[in-house]
Amino acid sequence: MLHVTRLLPHASWKPSSASWRPATSWQSWNARSCKQFSVHAHHTHIRVGCGHATSWDEVGAANLQQWILQAGGEIQGIQLHLQRASDGAVTGRQLKADKAILKGQLLASIPKACQLRYDGVQDERLLCLFQKLPVGSDSGTASWQYKQALLLLWHQSLGPASPLLPYISALPGSPGLPSIPVPRVGMLLDDELLEHLQSPGLVNDINNHKYWASWMERELQALTPDQSPFGPHKAINGQTFRAAVAIITSRCFALSSNVHSMPAFIDMADHALESNAEITSDKQTGAVLLHSTRDIAAGHHICITYGPHSNEELLLSFGFILPPGTNQHDRYTWPWDLGVLVELIRQMCGESWISLPLPAWKIAALQRVGLPSEGPEVSLFVGGTGPAPVDGRFLAAVRILLLQPDAETLLATLPSTLLVDWETPIARQHEVFVCKAMAAFLAAVYQSFPTTIQSDRQKLTQLLQDIKESSVDQGPGPSAELDKLSDMRLAVEFRLSVKLALERALILILQRGKDLCP
């Protein structure tokens, strides 16, 4: 058995220069991902697919489960339950236990025949299109996300002829499911909304995703009817391609480093930090399996954990975030800048010996902990779930910079593992100054935001009221105004969650400094 994880496409999609070439300048997404979380997911109303517009309801759910069983799959003790709006439209699906389940029980086994996976593609035109995809500079392979998205579009173009029709017709944005829209992943957000995220790094990542999606759109538009795997009358534009990418990144699992799958039925399991089930795979048969990890009472939701993802990762790739202050994996990240840190510490301490250029022995110590004075960009962070509230490299940098000029011999004897260790200060009084310097840095970061925690909370309260009123005025169905308000709510919730993570780290650092004082 292999443990399986949801796939998270990381953010570094950017050309190396204006004369970039797709085969060499692509830096691929990392392999983790998850699907939408029903409570705080945000969506865009994009219709995808070329199949039937038959409504997908309890009959469709029953047909999906029967199709899996007929293909040799198993479903035991759980059922797919539909959530409906006041007008009867299906707005969500959840897996629930229909009887008491014991820990370790097999809940579902989805055979290869009921999975969307690109490793078995035989269509020559689709394979030729795969060959045109950019190759990751870090992985050396073509983007699996784009392979999977193109395969999804291919199945949708087949309509009733698709062997995966019972599954394809159940995906978000399908003609039969207009009220379950495509997940609102980062690259689907409008450009004018991005500044409200108050996160230059995330905005850069979103724009990189948009950049490569636009590149793919141009490649698809350049296909002749004979080259297109989607048929001569099945036009695939940028909107449908981006929607397909959004769907697959929110529903795929990594079976191995080079095999990814969208398994029917169990990809509808919700996310919870306290999960009651897990996904594995059978290496020999290729089946994707769902097992319970604890006893589950009848009627309870079946939930899996997608992994230690911050709200930034969730928003970028999956179109949802956890409520501000509840995601223990949230953290604030920033690019390493030696000059900025040196200047801040010099101003705080008023010592002339804390200045650039640094002595060679301090430069060497910074390099030992992975912080070059020049070269590739390095990101540091505060927050997260580690034993320390700060990146160990940031802690080490402040410790090194605050060492007196006569500490060269001492520093040479300290291993890098000690320099980054939160629990092992170099000296008590020195560590007090280290905490003060880190707190001053984080306070400066917080003050650089255009809004505060309090103003974000007030804005969020107003947005929730506006959304409620708009929902009543517009009634059921898509609404451009409601989508705009929901997107703004997403942006405010995200930036609030980042500030709360920063605040938590600042409080812990200040407390540590207080505890160390004699």
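I looked up Gln 198 and found it buried, with a relative accessible area of 14%. I note that the model is predicted. Gln 198 sits in the loop between strand S9 (182–183) and H6, and I read a positive phi of about 55° there, although the residue is not a glycine.

I then turned to Phe 265, in the loop between strand S11 (259–263) and strand S12 (270–271), where phi is near 75°, again a positive value in a residue other than glycine. Because its relative accessibility is 0%, Phe 265 counts as buried. I flagged such places because most residues other than glycine have a negative phi, and most peptide bonds are trans.

For the peptide bonds, I recorded that the one from Leu 356 to Pro 357 is cis, with omega near 0°, and that Pro 357 belongs to the loop between helix H9 (338–349) and helix H10 (360–368).

Next I checked how helix H6 (residues 200–221) packs with helix H8 (residues 311–318), and found an angle of about 20° with the axes 11 Å apart. The two are therefore roughly parallel, and H6 passes H8 in a right-handed crossing. On H6 the contact is made by Leu 202, Asp 205, Ile 206 and His 209, and on H8 by Glu 312, Leu 315, Leu 316 and Ser 317; I sorted these residues into four nonpolar, two polar and two charged.

Finally, for the whole protein chain, I noted 16 helices and 17 strands, with 53% of the 518 residues counting as buried. The accessible surface comes to about 22700 Å², of which 52% belongs to carbon and sulfur atoms.

Key. Residues numbered from 1 in each chain as written. Predicted model: local features only at pLDDT ≥ 70, side-chain atom pairs only at ≥ 80, totals over all residues. Heavy atoms only, no water. Helix = DSSP H or I, 4+ residues; strand = E, 2+ residues; numbered from the N terminus. Buried < 20%, exposed > 50% of the residue type's maximum accessible area, 1.4 Å probe, protein only. Areas by Shrake-Rupley, 256 points an atom, 1.4 Å probe, with all protein chains shown as cover. Axes fitted to C-alpha atoms, helices over the stretch in contact; angles between N-to-C directions. Parallel < 35°, antiparallel > 145°, perpendicular 65-115°, else oblique. Left-handed = near helix turned anticlockwise from the far one by under 90°. Contact = heavy atoms within 4.5 Å. Nonpolar A, V, L, I, M, F, W, Y, C, P; charged D, E, K, R; others polar.
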